[in-house]
Amino acid sequence: MVQTLDDDGTVDPWRRRARRTRRQMPLWQELPLLLVVAFCLAVLIRTFLLQAFFIPSGSMEDTLLVGDRVLVNKVVYDVRDPLRGEVVVFRGTDRWAPQVDDQPKPGVAGRLARTVGDLVGVSRPGEKDFIKRVIGLPGDRVQCCDSQGRVTVNGTPLNETYVLRDSPLDLPPNPAECRSRRFDEVVVPPGQLFVMGDHREVSQDARCQGPVPIDNVVGRAFMVVWPSSRWSALSVPSTFEDVTGPATASPGTPPVRQTPQGGVLLMLPLAAALRGSRAFRAVSSSRAT
């Protein structure tokens, strides 16, 4: 052990006592500092890396159920555009009807809790936040249906095994709602996405509300994290691997490439740093009892 010596070579008792005092700071003093640091990290992670989103409707059943919480990677689309088959969170345009918020208006305490939840990314979504699956990219031709009632992209039919509740084939198209399975060919405009929900009978999506600008995309939903019984990854269905065609990248966009879920990788050093804290180890031990 290295000791601090005075000019005459003796150990300075005051410095030794100061070091011992710092090492033995009680948990009740260290814990508030740790909580402040953890809160600041949560705000930074929510703003730039990851955010948890609550699922308020059944438009993505049975892939996502009401009450599920999904983890959204907010950095992946800084290096590439979305891919077909990915589940994305985005802000709807003016054409998109707001989601129904049937929750009572909160009091002062409720509003404060919601503000804190917004900061750390665990609150209910805004009425213009939506979650859907990407079906068509810029330049794609999307329509329904082929002879077997399937959606086609650039003439390639999709075998959508994730769609468990599809609209009936005999329901006529209605521009005021999206319940019909059939819709005319849509050429996805540059810089936009054609998105649909997995529960086609109730999902209000691009079939009747139009494509969504890529700039409105918040991030990719890549994992269900709550409830624990539904913990699972949101992978891209294999049927999209067969789709080829005239998809065009947005101006100035880097070449499309698969990237790892960078938010998770960037969080690993933070987690390692926190685990090195004596207070973190003490809290973990107390919670495990």
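Glu61, Asp62 and Arg165 are joined in a network of salt bridges in this model, which is predicted. Glu61 sits in the loop between strand E1 (50-54) and strand E2 (69-73), while Arg165 belongs to the loop between strand E7 (156-157) and strand E8 (183-187), so the contact ties together parts of the chain that are 104 residues apart in sequence. The two partners can also be described by their accessibility: Glu61 counts as buried because its relative accessibility is 15%, with the cut-off for that class at under 20%, whereas Arg165, with a relative accessible area of 33%, is partly exposed.

The search of the whole structure finds twelve salt bridges, and the table lists some of them, including the pair already described.

| Salt bridge | N to O distance |
|---|---|
| Arg80 and Glu86 | 2.8 Å |
| Arg207 and Asp205 | 2.8 Å |

In the salt bridge between Arg80 and Glu86, both residues are buried. The salt bridge between Arg207 and Asp205 likewise joins two buried residues, since Arg207 has a relative accessibility of 15% and Asp205 has a relative accessible area of 0%.

As for accessibility, Cys144 counts as buried at 5% relative accessibility, whereas Cys145, at 26%, counts as partly exposed.

The other disulfide is formed by Cys178 and Cys208, with their sulfur atoms 1.8 Å apart. This pair links distant parts of the chain, with Cys178 in the loop between E7 and E8 and Cys208 in helix H4 (residues 206-209), the two being 30 residues apart. The link of Cys178 and Cys208 is left-handed, with -85 degrees about the S-S bond, and both cysteines are buried.

The loop between strand E7 (156-157) and strand E8 (183-187) thus holds Arg165, the partner of Glu61, and the loop between E7 and E8 also holds Cys178, the partner of Cys208.

Note on methods: Residues are numbered from 1 along each chain as its sequence is written. This is a predicted model: local features need pLDDT of at least 70, side-chain atom pairs count only at pLDDT 80 or more; totals for chains, interfaces and linings use all residues. Side-chain values use heavy atoms; hydrogens and water are left out. A salt bridge is a side-chain nitrogen of Lys or Arg within 4 Å of a carboxyl oxygen of Asp or Glu. Helices (H or I, at least four residues) and strands (E, at least two) are DSSP runs, numbered from the N terminus. Buried means under 20% relative accessible area, exposed over 50%, partly exposed in between (1.4 Å probe, protein chains only). A disulfide is a pair of cysteine sulfur atoms within 2.5 Å.
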